[in-house]
Amino acid sequence: MPLPPVGSRNGGGLRATGRPGGGTPQWLADRLTPGQREAALAALETMLVMRNALTLLLLSLPLTGLADTDCETGYFALQQALARAGIDDAQARTLTGFPHLGVDRWLAFQQRKAVSEPQQQQWIRLATAKAWRDQSVLVQRLTTDGDGFSPQTAQTLLASCLPVLAARTDFSVLPQAEIPDSYATWLRVAGMYPLMAWLATGSIDDYHREMSARFRDPARQPQQQFSPPTGGTVPVTPDVLSANPLRIPLPDTEQWQAMLSHYAPVVAVSDTQPWNVPGRIQLDETRTPVIRTETPVSYTWPSWTHFRSKNLLQINYQFWFSKRPKKGWLDTYAGSLDGIIWRVTLKPNGKVLFYDSIHPCGCYHKIYPVDPTLKAADIEGDKPVFYPGHVMDAHDERLTLLLEPDTHYLVRVTPTSDLLPTSSYQLADANALRALKHKDGTVASLFNARGLVPISKRAERFYLWPMGIPSAGAMRQPGEHAIAFKGRRHFDEATLAETLFE
């Protein structure tokens with residue numbers, strides 16, 4: 001039985017009224033047959049492997065026989081249990097007063113675009129799907145019987161109740177989603193930001209010249225490379241995936257995996273030091289994040305941008321390294337963990353519009369145009385660095401990212417070579433970083449509640465704080481990447497492409 005249309009005016013939807021959430025989820029287990037419980041858990045397992053399948057799962061899951069009040073009570077009880085356990089996540093934002101609706105910068109933008117009833121219904125389903133994804137990550141961090149919930153009973157509640165709560169939601173009463181930016185205004189006030197930004201202009205200009213020179217100057221020859229899985233099916237073009245009211249390209253699990261494999265880059269490094277080899281993040285005996293280079297991984301996630309009246313799909317590939325080593329005792333950029341994020345923005349026909357990259361700190365934003373019609377805009381504040389010359393289209397041929405040793409700066413984008421020693425890397429959902437398993441069975445996030453990786457603090461934070469970025473230089477969670485010191489700009493802004501190009 002499919003879900004009924006959302007947006008109906010039957011009570012205004014779920015509100016955070018503060019009603020008590022007493023009891024345990026046993027009432028929920030009692031109302032579900034073993035088959036329903038098994039089906040719900042199987043669906044959630046699939047969902048955690050591939051987050052883009054969430055929308056389709058939400059559309060297809062049947063309604064249970066639960067009463068609305070049961071779902072409200074159970075869902076609030078779960079939120080209270082998570083809060084009492086101190087389990088929080090910067091990505092798990094919800095719409096004020098509607099904790100079953102997840103929001104981010106893209107969904108906040110799309111909420112303003114949802115004018116017709118079908119568009120509003122789709123927006124509610126997408127927001128519910130995001131809440132489902134986020135909550136499914138959070139509940140993994142509950143103890144076996146945490147405050148009346150275990151991870152398994154919490155997953156069962158989500159599978160049963162989020163479709164019910166979505167069906168009861170009235171779009172007309174929803175407040176506009178507002179996502180706080182990743183800048184601390186009080187730091188800028190305390191640090192006399194207008195003066196400091198003016199004084200920093202020379203340093204920012206020097207940085208641009210230095211990074212541009214790295215693109216032109218001779219680079220060290222690569223010593224080894226890491227290639228993605230190959231042999232997948234030809235991906236469907238994004239325009240085929242946009243046949244929905246909001247015209248957003250939404251691949252299912254199989255389609256997404258085909259895209260990941262097709263557009264994934266080869267990563268080449270210029271030496272064999274362990275801190276220059278990408279790896280998988282795990283927790284050691286002390287629950288400290290470490291990089292296991294025996295199993296190289298790229299952590300991936302989808303995003304979207306709005307450009308020239310189109311919603312464009314983006315593919316994000318993130319590679320992690322164990323550290324950026326010190327070049328001297330005054331090297332304020334060195335520290336534990338480092339990495340690079342490579343993002344591919346696709347045109348509706350599947351060709352690449354442009355690439356861009358940052359490090360996980362949000363630093364070093366660089367643009368690699370592919371489409372010849374793109375022209376850099378006159379951006380206020382400090383600007384990203386543009387790659388000189390032509391960059392090949394990953395739709396037609398696989399490309400290689402050459403990283404500078406130790407700093408992991410991206411210095412070349414070239415065709416692939418068969419002459420280097422080659423290892424393969426795996427593709428993993430970036431949500432895995434929000435639920436890392438320890439060998440004792442407990443689960444923890446790489447990120448703290450502010451979206452930062454605590455062990456990756458950099459000394460540069462002691463002199464960059466007046467620019468308003470908390471703990472500048474530290475690695476950050478998706479959604480928390482401030483990418484400009486002068487002005488305010490975020491890597492996940494819905495209209496960033498319109499800012500970057502004329």
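This is a predicted model: local features need pLDDT of at least 70, side-chain atom pairs count only at pLDDT 80 or more; totals for chains, interfaces and linings use all residues.
Residues are numbered from 1 along each chain as its sequence is written, and side-chain values use heavy atoms, with hydrogens and water left out.

Let me start with helix α5, which covers residues 105-113; helices here are DSSP runs of H or I with at least four residues, strands are runs of E with at least two, and both are numbered from the N terminus. I will call a residue buried when its relative accessible area is under 20%, exposed when it is over 50%, and partly exposed in between, using a 1.4 Å probe and protein chains only. Seven of the nine residues of α5 are buried, so the helix is largely enclosed by the rest of the structure. The buried ones are R105, W106, L107, A108, F109, Q110 and Q111, and they pack against the strands β2 (98-102), β7 (297-307) and β8 (310-324) as well as against helix α6 (117-138), where contact means heavy atoms within 4.5 Å.

Now to the salt bridges, each of which is a side-chain nitrogen of Lys or Arg within 4 Å of a carboxyl oxygen of Asp or Glu.

In one of them, the side chains of R434 and D89 meet at 3.0 Å, N to O. R434 sits in the loop between β16 (426-429) and β17 (436-437), and D89 in the loop between α4 (68-84) and β1 (94-95), so this pair ties together parts that are 345 residues apart in sequence. Both R434 and D89 are buried, and the two also belong to a network of salt bridges that links D89, K130, D134 and R434.

Another salt bridge joins the side chains of E480 and R93, again with 3.0 Å from N to O. E480 is in the loop between α11 (461-464) and α12 (496-500), whereas R93 is in the loop between α4 and β1, which puts the partners 387 residues apart. E480 is buried at 9% relative accessible area, while R93, at 24%, counts as partly exposed.

For R488 and D181, the N to O distance is 2.6 Å. R488 lies in the loop between α11 and α12 and D181 in the loop between α7 (151-167) and α8 (185-190), so parts 307 residues apart in sequence are tied together. R488 is partly exposed at 37%, and D181 is partly exposed at 32%.

Which cysteines, finally, form disulfides? The structure holds two disulfides, a disulfide being counted when a pair of cysteine sulfur atoms lies within 2.5 Å. C71 and C161 form one, with their sulfur atoms 2.3 Å apart, and the torsion about the S-S bond is about -80°, so this disulfide is left-handed. C71 belongs to helix α4 and C161 to helix α7, so the bond ties together parts that are 90 residues apart in sequence. C71 is buried at 0% relative accessible area, and C161 is buried at 0% as well. The other pair is C361 and C363, whose sulfur atoms are 2.2 Å apart, and both of these cysteines are buried.
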